[in-house]
Amino acid sequence: MKKILTDLHTHTAFSPDGRASIEEMLATAHALGVGYYGITEHFDFDIVVNGIPPYSENPPTPADTYFQRGRQLQKEYEGRMQVLIGGEFGYTDTPTAQTMYQRLVDAYHPDYIIQSVHNVLRGDYAFGNGYVDGKGGLRDKQEVYEEYLGLVRRSLDVSHPYDILGHVSYCTRYAPYEDRRMRWQDFSGSLDDILRTVIAKDKILEVNSANKNVPVLSLPDTDILERYFELGGRKISFGSDAHFPSRIMENRQKIVDILRAIGYEYLTIPCRGEHIKVEI
Ligand SMILES: [Zn+2]
Ligand SMILES: [Zn+2]
């Protein structure tokens, strides 16, 4: 096993909320010495099928242009940096989204897929949705986080392929609570169910460094990563969730030190159904 720098969760300007061109993101990653660099543009059919207002006023990721340009650049970087052209799929309970994701997979064959929950039916947590009840009152944290974890659990049973479970505890990023953390001990039943399912289905648990000022180093937090290890989970990936160059690989070393202290010995890179191990 070789020690290689990896960042498997990043976006470019093809995504509605990406802020730098694919060329600029790749050049930065290469300059930083990244060995495996994954681009995972947003595909938000959860928003489309539910008629939820889009993430921003910008148009959705143009699949044709993204995959075409991505594949060209993947070739250009061959031998210098392994570029993976993937996607981040937003989960919803509305089943028609799964058919749309399957069609996207059949048409473009992404190298790998991150499965993520961003939306409750009310909209993206990033815009404050899910935390407030119909009368404008703040909902109970336990109830909101359990609702989110229910969505995450169901997202693991989709019919389309996916490789990585993205940023577990995403709902904490934008939560209005004084204590925003999601601790394993407070949600142990739901979290254990999710972690055991990730292991049983041979998926990869993402360690995401975009904490958005939640006082944790990663999503999910260390206690949840410890529990995953304890349950036998070994497949993890690192993702910065960078939407602009300066966040690429952010906090990677700190996170890797913690993962090593827990006992993890390798990171897993998914590529077209294959799982590649690299030393942590
Ligand atoms: Zn995401
Ligand atoms: Zn993302």
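Serine 169 is buried, with 26 other C-beta atoms within 10 Å. Its place is in the loop between E7 and H6, and its phi is near 95°, a positive value in a residue other than glycine. The model is a predicted one.

**Helix H5**

- H5 is made up of 15 residues and reaches 21 Å from its first C-alpha to its last, close to the 21 Å expected at 1.5 Å a residue.
- Its buried residues are Lys141, Val144, Tyr145, Tyr148, Leu149, Leu151, Val152 and Ser155.
- Viewed down the axis of H5, these buried residues fall within an arc of 155°, so they line one face of the helix.
- An α-helix has 3.6 residues a turn, so residues three or four places apart point the same way.
- Gln142 and Glu143 are exposed, on the other side of H5.
- The cover over the buried residues of H5 includes strand E4 (113-116), strand E5 (119-120) and H6.

**Helix H6**

- H6 spans residues 188-200, which is 13 residues.
- From its first C-alpha to its last, H6 reaches 18 Å, close to the 18 Å expected at 1.5 Å a residue.
- Leu191, Ile194, Leu195 and Val198 are the buried residues of H6.
- These four cover an arc of only 95° around the axis, which puts them on the same side of H6.
- Gly189 and Ala200 are exposed on the other side of H6.
- The buried residues of H6 pack against helix H5 (141-155), strand E7 (164-165), strand E8 (204-208) and helix H7 (222-230).

**How H5 and H6 pack**

- The axes of H5 and H6 are 10 Å apart, and the helices pack at an angle of about 15°.
- Angles under 35 degrees count as roughly parallel, and H5 and H6 are therefore roughly parallel to each other.
- The crossing of H5 and H6 is left-handed.
- On the H5 side the contact is made by Glu146, Leu149, Val152 and Arg153; on the H6 side it is made by Ser190, Leu191, Asp193, Ile194 and Thr197.
- Leu149 and Val152 of H5 are among its buried residues, and Leu191 and Ile194 are among those of H6.

**How H7 and H8 pack**

- The axes of H7 and helix H8 (residues 252-262) come within 10 Å and cross at roughly 40°.
- H7 and H8 are therefore oblique to each other.
- Their crossing is right-handed, whereas that of H5 and H6 is left-handed.
- From H7, the residues Thr222, Leu225, Glu226 and Phe229 meet Ile258, Leu259 and Ile262 in H8.

**Loop residues with particular backbone geometry**

- Aspartate 202 follows H6 and lies in the loop between H6 and E8.
- Phi of aspartate 202 is near 60°, a positive value in a residue other than glycine.
- With 10 C-beta neighbours inside 10 Å, aspartate 202 counts as exposed, whereas serine 169, another residue with a positive phi, is buried.
- Leucine 219 and proline 220 are joined by a cis peptide bond, with omega about -5°.
- Proline 220 is found in the loop between E8 and H7.

**Other loop positions**

- Glycine 35 sits in the loop between helix H1 (22-31) and strand E2 (36-43).
- It is partly exposed, with 17 other C-beta atoms within 10 Å.
- Leaving out residues up to four places away in sequence, glycine 35 touches Ile4, Leu5, Thr6, Met81 and Gln82.
- Glycine 35 and arginine 252 are 217 residues apart along the chain, and their C-alpha atoms are separated by 14 Å.
- Aspartate 157 is in the loop between H5 and E7.
- Aspartate 157 is exposed, with 10 other C-beta atoms within 10 Å.
- The C-alpha atoms of aspartate 157 and lysine 201 are separated by 9.3 Å, and the two residues are 44 residues apart along the chain.

Conventions
Residues numbered from 1 in each chain as written. Chains lettered and ligands numbered in written order. Predicted model: local features only at pLDDT ≥ 70, side-chain atom pairs only at ≥ 80, totals over all residues. Helix = DSSP H or I, 4+ residues; strand = E, 2+ residues; numbered from the N terminus. Expected span 1.5 Å × (residues − 1). Buried ≥ 20, exposed ≤ 12 C-beta atoms within 10 Å, placed from the backbone. Arc of directions from axis to C-beta. Contact = placed C-beta atoms within 7 Å. Axes fitted to C-alpha atoms, helices over the stretch in contact; angles between N-to-C directions. Parallel < 35°, antiparallel > 145°, perpendicular 65-115°, else oblique. Left-handed = near helix turned anticlockwise from the far one by under 90°.
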